Amino acid sequence: MKKVVVVGIDGGSWNVLKPMCDRNELKGLRKIMEDGSWGFLESTLPPLTAPAWVSFYTGKNPGKHGIFDFVKLESGKMKLNRSRDVKGKAIYELLSDYGIRSVIIALPLSFPPKIDFNGIMVSDFLYPQKEVYPKGSVDLSNYLVSSDPSKIGEELIKDVIETTRSQVELGKRLFSEEDWQFFFILFRETDTILHNFWEEISSGRSHLLEVFKLVDEFLEWIIERIEDDMTIFVISDHGFSDYEYLVRINKIFHDSGLLEPKIVRKEEASLLETHVKSAFGTKKGRIRIPKVFYRMLMYPKVSTIVKKIYKLVFKGKEVSYLIRVDYEKSKAYVLTPLSSTIYLKEDGDYDRTFHEVLKLLSSLEYQGKKVVKKVFTKNDVYNGDRLSEAPDFVVVTNGFILDSGITGETFERFSQGGYHSLQGIFAAYGKNIRRGKVDAKIYDLLPTILHALDLPIPEDVDGRVLVEIFAEKKDVRQISSEENEKIRKAISKLKKI
C-alpha cells in the first residue's frame, strides 16, 4: 500500500538549512538531500503563508481557490479567511473520495474539514481554538498550537522550543498509532524564529537554530521507520531573505489624495493579532483618547508635537482608537502589513487610478535606490473564477517592505531585517525517488503526491507531476471533476453496504 508523508517547515529556506546540513547539524535532512531529490520550491507571488499553503493543498493558484491573504474585505470590513472560504478540493478531500485515510496536523485554513473527511485533523493556528476532528478522537492536552506572541527574547525562544517539542510528540504519536496513507504535519515555529531573530540567525547565532534541530530529529525518526512503498516530502511555504528598509505605501497614497483614513476603536484595529492573542487571554487596560488627537497625527506640521504630548501624558497606556484605511472611500491601498499587494477601487476613475499608482511606484526612490523592481497586474499573476477578488497589483521590491501604515516616517529601516522570499525548500526521499537536484513550484506538490499514490490528477490543477524525481516511470493519468464525482459516489455507496 502506497503511503506519503509531508513535513512542512514554515519559512524553511536553504540559505539557513543547507549550511546546517553541511555542518552535519541536520542529519535527517542531509540524508534526504544526499539520497533523494531536492531543490528550490517556488512559492505563490507574493510569497504569503495563507495563499501558499492553500495552493499546496489544492494545486491551484489563488485566482482559483480565492485565498490571497490571511484576511479579505467584506462590505468595507476586514475579515479572517476560514477553511470554508477556500474554493476547490483539498488533497485530503480528494483522498477521502477514494476512501484513503489521512492524518492532518496544523495545516493552515484546513480546519474544520468537511463532513465526509476520512481521517484525523488537528486544528491550525488560524482556528480560534485547539480542536481535533473527529471531536475527542485524540488527546491534545499536552499539545501546543502556537507560541505566545506576547513573549520576546529568550522567553520567546523557550516557548518556541516547548511548543515544537509538543508538536513533535503529537506527530510521533499519530504517525505510530493511527491508520493512514497520507500524513501531513506543519512545524510553524521555525517561521516565528526567523521573523523575530533573522539578523541574529544571519550572523550565525547557533542557539537560535535549535527549533530546526528539533524538526530534523522528527525527520530522522520518520526515516528510521520508512517502508518500501512510502515517500517522504519536506517542503516550506516560502523562503526567507534580507530586507533593509520599510516604506509606508498607504501614507504615500494618503499624501497623494488616493487614500482616505478613518478613526476606529482599538478592538477593530488588528483582526489577526486579536485572533492569535485571544488564545492566550492577553488583555491590556485601555485608555479612551479623543478622536481629534488622531486626526492631528495626519498633519506633518503638528504630528511631532502630538506624539510628544502622547508620550508625556499617556506613557505606558494602550490607546483606544487607531487610524485605519477607509476602504470604501479610498482609491488605492495596501490591505495588510508586509503583503506586497495593492488594491484599487472599482469605480469610474479606475483607469486613471491604475496609471497614477503605476507612475507613483516607478518614481519611488530612497537614498538613491529604486524602491520597486517590478509591478505585476492581477492578470499577470492569477487566473480563475476568483480573479475579481485579487489585488490589482503585486509589487516586487529591491529589499523594501511595503507597509500598510498611514502615519509615521515614510521610509525607515526595517527592524526585523528579513522577510519572506519566493524560494522555499523542496526535498523528496524514498525507495522510488531518484537522487538529484530538482526545482519545483508549490502548485506541483498536489499532483506529484497523487501520482506517488497511483491516483489520477484533476485536470483543473495548475501544477504538474514532477515525473523526473521518480525512479519508476509510469503514465500520468488525468481525471475530470465529473469523473471524480462519480468515483466519490460509488465509493460512498460501497461504504454503506
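These are my notebook entries on what I looked up in this predicted model.

**Ground rules.** I number residues from 1 along each chain as its sequence is written, and I keep in mind that side-chain values use heavy atoms, with hydrogens and water left out. Since the model is predicted, local features need pLDDT of at least 70 and side-chain atom pairs count only at pLDDT 80 or more, while totals for chains, interfaces and linings use all residues.

**The chain as a whole.** I found 17 helices and 29 strands in the chain, both taken as DSSP runs numbered from the N terminus (helices are H or I with at least four residues, strands are E with at least two). Of the 497 residues, 56% are buried, where buried means under 20% relative accessible area, exposed over 50% and partly exposed in between, using a 1.4 Å probe and protein chains only. I also looked at contacts (heavy atoms within 4.5 Å): among those between residues at least 6 apart in sequence, 71% join residues at least 24 apart.

I followed 4 strands in the order 16-17-21-20, with antiparallel pairing; two strands pair if DSSP finds at least two bridges between them. Strand 16 (332–333) and strand 20 (372–377) are the edges, each pairing on one side only. Strand 16 is joined to strand 17 (residues 341–344) by 2 bridges, and Ala332 has Leu344 in strand 17 as its bridge partner. Helix 14 (residues 350–363) packs on this sheet and touches strand 16, strand 17, strand 20 and strand 21 (393–397).

**A residue in a loop.** Where does Gln416 sit? I located Gln416 in the loop between strand 23 (411–413) and strand 24 (418–421). Gln416 counts as partly exposed because its relative accessibility is 29%. Leaving out residues up to four places away in sequence, I saw that Gln416 touches His195, Trp198 and Glu199. Gln416 and Tyr245 are 171 residues apart in sequence, yet their C-alpha atoms are 9.7 Å apart in space.

Terms used: Axes are lines fitted to C-alpha atoms, for helices over the stretch in contact, and angles run from 0 to 180 degrees between N-to-C directions.
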